[in-house]
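Open your viewer and have the sequence panel handy. We will go from one selection to the next and see what is there.

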Amino acid sequence: MDTKAVAQNKWGRARFGGSQTLLLLLSILGGIVISAVIACLIVQFGPEAPVQRKVLAAVIAAIIMLPVAFALCWLIMLDRDTLAGAVKDPDSSIEGRWLEKAGFSTLGDIVAVAGLAATALTIFKVDIPASNALLVVVGLAFVDMAIRYLMLKKVDG
Amino acid sequence: MENNLSDYRKERGLSQQALADELGVSRQTIISLEKGRYDPSLPLAFKLASLFACHIEDLFIPEEN
C-alpha cells in the first residue's frame, strides 16, 4: 500500500514543481494575460461604440474575468496531491460517488428541462438569442449539480 | 450492505481518520462505510481486506435476496 506522505498546503504546488508562491505568481500572471486578451478581443470585435466606451467595457470585463482566469490557471497547473486535505484516492471516496451521482442526475435534468423549454418556445413562437439560452442552460447545470451534491451529502453524510 | 469494519478498526486501535489516511480516502468515506450507507468500490474493498489481513467476505456481509 502506498503510504508515501506528500507535503500539503493551502494553495498546493505546481505539477512541474516549485513552491506555493511560484504557483500563485504564475496563476496571477496567467490570469492577467487571459484577461488582457479578452479585453483586447472586446475592443477589436465588440459592438460598435465610441472608443472610450469600448475601452471602459473591456476594462470592466477584464476585471470581472481576472479571478476566473486566475482560478483556471491555478487549476490547470495545480498538483492536487499537494493541496491541503486532498485524499490520495478520490475515486474510492464517497465524495467522488456523490459527484458522479449528482452529475448523472444533472444530465437527466438538463435534457428534460431543455426539451420542455424547446417545446414551449416552439409552441408559443418565442424567439430568444441562442447565447442567452446557452447561458441559462450552463447556469442551470451548475446550480442543479450543486444542489444535488449537497442533497446527497445531507442524506448519505 | 452490512459490515464488520468498525469492529476490525477498533480491534486494531485505529481511529476513523487514521484508517482513512491509510486507505487514501476521506474520513467521511469511513463514516459512511461503517454506517452501511456506502458500498465500497472493489479496489477499496481489496485494500481494506489487505489492511486487516482478512477476506472481503469477512468484512462485508452481502444482503440476502
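Predicted model: local features only at pLDDT ≥ 70, side-chain atom pairs only at ≥ 80, totals over all residues.

Residues are numbered from 1 along each chain as its sequence is written, while chains are lettered from A and ligands numbered from 1 in the order in which they are written.

**Stop 1: where the chains meet.** Select the contact, made by 12 residues from chain A and 16 residues from chain B; two residues are in contact if their C-beta atoms, placed from the backbone, lie within 7 Å. On the side of chain A that touches chain B, helix α3 (residues 94-123) of chain A gives the most, with 3 residues. Helices here are DSSP runs (H or I, at least four residues), numbered from the N terminus.

**Stop 2: helix α2 of chain B.** Now select residues 16-23 of chain B, where Leu19(B), Ala20(B) and Leu23(B) are buried (20 or more other C-beta atoms within 10 Å of a residue's own; 12 or fewer is exposed, in between is partly exposed). Among the elements covering these buried residues are α1 (5-11), α3 (27-34) and α4 of chain B.

**Stop 3: Phe52(B).** Move to the loop between α4 (42-51) and α5 (56-59) of chain B to find Phe52(B). Is Phe52(B) buried or partly exposed? Phe52(B) counts as partly exposed because it has 19 C-beta neighbours inside 10 Å. Beyond its neighbours within four places in sequence, show Tyr8(B) and Leu59(B), which Phe52(B) contacts. Finally, select the C-alpha atoms of Phe52(B) and Glu63(B): they are separated by 22 Å, with the residues 11 apart along the chain.

How values were computed. Helix = DSSP H or I, 4+ residues; strand = E, 2+ residues; numbered from the N terminus.
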